[in-house]
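Colleague: I am new to reading protein models. Could you walk me through this one, feature by feature?

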Amino acid sequence: MPSRGRSSLEQLFGSKVRVRLLRLFLENPQDRFYVREITRRIGAHIHSVRREISNLQKLGLIAAREDGVKTPQTNRRYYEVRPDFLLFEELRSFILKSHTLLQSDFARALQESGDVKYLAFTGHFVGAKDMPTDMLIVGRVKREDCRRWVRLLEQELGRLINYTLMTPEEYEHRKKMTDRFIYQVLESPKIALVDKLNILP
């Protein structure tokens, strides 16, 4: 996905993998991850992940710990962020604010792929984990293109995104039928980046 915001962060932090690792750890400070899990979540090669984790360990931001009985089958080394790191809060705040750049890049890429009438981020993007979707897209966009852009966004954020894509006709029909899903999304907190349907915030 073409991304001015991501390029800026890469220049600032040194590499794409490092930026994705920072997002993963700083947005999930309560979680621990093992290397192969990290490679799947951020879509990076294992050697690059190991190298950047080592760099972050030397910096003091990431710590390693081993769980389980030490056998080849059960022992895993996990990594977690250190909340006592001197710049933890500042880095976390910066990374969270960078979501705005990612969302704008995604919206621009999606609009270049088709005719987007409405695009809103909700669910995990606004801290509403009980929402049925994280993103509502109304328009004429090829599903394979949409899935490709969503996949790239998932790799940037290090987590799955539950999204909903529907045509304008389907949206209008479900709205007239007072579809519960539609009204739950429209009446909940969200970040609307494209609104050619004049839907109220």
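**Reading the model step by step**

Colleague: Let's start with one side chain: is Phe125 buried or exposed?

Modeller: Phe125 has 12% relative accessibility, so it counts as buried. Buried means under 20% relative accessible area, exposed means over 50%, and partly exposed is in between, with a 1.4 Å probe and protein chains only. Please keep in mind that this is a predicted model, where local features need pLDDT of at least 70 and side-chain atom pairs count only at pLDDT 80 or more, while totals for chains, interfaces and linings use all residues. Residues are numbered from 1 along each chain as its sequence is written, and side-chain values use heavy atoms, leaving out hydrogens and water.

Colleague: How many aromatic pairs does the structure hold?

Modeller: There are four aromatic pairs. Rings of Phe, Tyr and Trp (its six-membered ring) pair if their centres lie within 6.5 Å; planes under 30 degrees apart are stacked, over 60 edge-to-face, and the rest tilted. Take Phe25 and Phe33: their ring centres are 5.5 Å apart and their planes stand at 85 degrees, so this pair is edge-to-face. Both Phe25 and Phe33 are buried. Phe121 and Phe125 are also edge-to-face, because their planes make 70 degrees, with centres 4.8 Å apart. Phe121 has a relative accessible area of 0%, so it is buried.

Colleague: Now for charges: how many salt bridges are found?

Modeller: The whole structure has 15. A salt bridge needs a side-chain nitrogen of Lys or Arg within 4 Å of a carboxyl oxygen of Asp or Glu. One of them joins Glu52 to Arg18, with the closest N and O atoms 2.6 Å apart. This pair links distant parts of the chain, 34 residues apart: Glu52 is in helix α4 (residues 46-59) and Arg18 in helix α2 (residues 16-27). Helices here are DSSP runs (H or I, at least four residues), numbered from the N terminus. Glu52 is buried, at 5%, whereas Arg18 is partly exposed, at 23%.

Colleague: What does the salt bridge of Arg20 and Glu156 tie together?

Modeller: The two side chains meet at 2.9 Å, N to O. Arg20 lies in helix α2 and Glu156 in helix α7 (residues 143-157), so the pair ties together parts 136 residues apart in sequence.

Technical notes: Helices (H or I, at least four residues) and strands (E, at least two) are DSSP runs, numbered from the N terminus.
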